[in-house]
Amino acid sequence: MPPHGWHPSPEQLQKLRESHKGQKPWNTGKHVKLNNALDAFIYKRGSECHNWKGGKTPEKTLIRESREMEEWRNAVFTRDNWTCVQCGQTNTRLNAHHIFEFSKFPAFRLLTLNGATLCYDCHRATLRKGSVLYTVIPC
Ligand SMILES: [Zn+2]
């Protein structure tokens, strides 16, 4: 099996060629300096890139968007069977909740035990002061 995408047969290719005959390519007449575009978007990364803003992404954003955090989230969801542990909803927008807060307990950020699957609404409720949801202990 081919690795990716659609691989037309020779007959399909021929049909496509005929059906597109006389059509104008989308980029005809457009002035794009291809080399500059490639430099900007492919070869120049980090501080080399024209769009670099000085590495100002906050540490918490880098962590929250990291591969480790994605794996933590998936581990929590899988353990809780993709169900909100508070109200039992599935098939809804789920959040992985940090029982011990992300900001105050950095050491617990990636512990699966410190995670609980909550639906969006239940998770929002945890943001209120004195919420009982801080005490959710998954088994
Ligand atoms: Zn819920």
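Colleague: Let's start with tryptophan 82: how many other C-beta atoms lie within 10 Å of this residue?
Modeller: This is a predicted model, in which local features need pLDDT of at least 70 and side-chain atom pairs count only at pLDDT 80 or more, while totals for chains, interfaces and linings use all residues. Residues are numbered from 1 along each chain as its sequence is written. A residue is buried if 20 or more other C-beta atoms (placed from the backbone) lie within 10 Å of its own, exposed if 12 or fewer do, and partly exposed in between. Tryptophan 82 is partly exposed because its number of other C-beta atoms within 10 Å is 15.

Colleague: Thanks! And where does tryptophan 82 lie?
Modeller: Helices (H or I, at least four residues) and strands (E, at least two) are DSSP runs, numbered from the N terminus. In those terms, tryptophan 82 lies in the loop between α4 and β1.

Colleague: What is phi of tryptophan 82 near?
Modeller: Most residues other than glycine have a negative phi. Tryptophan 82 is not glycine, yet its phi is positive, near 55°.

Colleague: What about asparagine 81: buried or exposed?
Modeller: Asparagine 81 is in the loop between α4 and β1, just after α4, and takes a positive phi of about 60°. With 9 C-beta neighbours inside 10 Å, asparagine 81 therefore counts as exposed.

Colleague: How far apart are the end C-alpha atoms of α4?
Modeller: The expected span of a helix is 1.5 Å times one less than its number of residues. For the 13 residues of α4 that comes to 18 Å, and the model agrees, with end C-alpha atoms apart by 18 Å.

Colleague: Which helix has the lowest mean pLDDT among the elements of the protein chain?
Modeller: pLDDT is the predictor's confidence in each residue, from 0 to 100. The protein chain averages 82, and 80% of the residues score at least 70. Where pLDDT is low, the predicted coordinates should not be read in detail. Helix α4 (residues 67-79) has the highest mean, 94, and the lowest, 61, belongs to helix α2 (residues 34-43).

Colleague: In what order do the elements of the protein chain run from the N terminus on?
Modeller: The protein chain has five helices and two strands. From the N terminus on, their order is α-α-α-α-β-β-α.

Colleague: How many bridges join strand β1 to β2?
Modeller: Two strands pair if DSSP finds at least two bridges between them. In this pair, histidine 97 stands opposite alanine 116, and alanine 96 opposite threonine 117. Strands β1 (residues 94-98) and β2 run antiparallel, and the number of bridges joining them is five.

Colleague: How far apart in space are cysteine 84 and leucine 118, C-alpha to C-alpha?
Modeller: Cysteine 84 sits in the loop between α4 and β1 and is buried because 22 other C-beta atoms lie within 10 Å. Contact here needs C-beta atoms, placed from the backbone, within 7 Å; leaving aside neighbours within four places in sequence, the contacts of cysteine 84 are Gln89, Leu94, Thr117, Leu118, Cys119 and Cys122. Cysteine 84 and leucine 118 are 34 residues apart in sequence, and their C-alpha to C-alpha distance is 4.3 Å.

Colleague: Last one, at the other end: which residues does proline 8 touch, not counting those up to four places away in sequence?
Modeller: Proline 8 lies in the segment before α1 (10-19). With 10 other C-beta atoms within 10 Å, proline 8 is therefore exposed. Beyond residues up to four places away in sequence, proline 8 touches Leu13 and Leu16.

Definitions and conventions: Contact = placed C-beta atoms within 7 Å.
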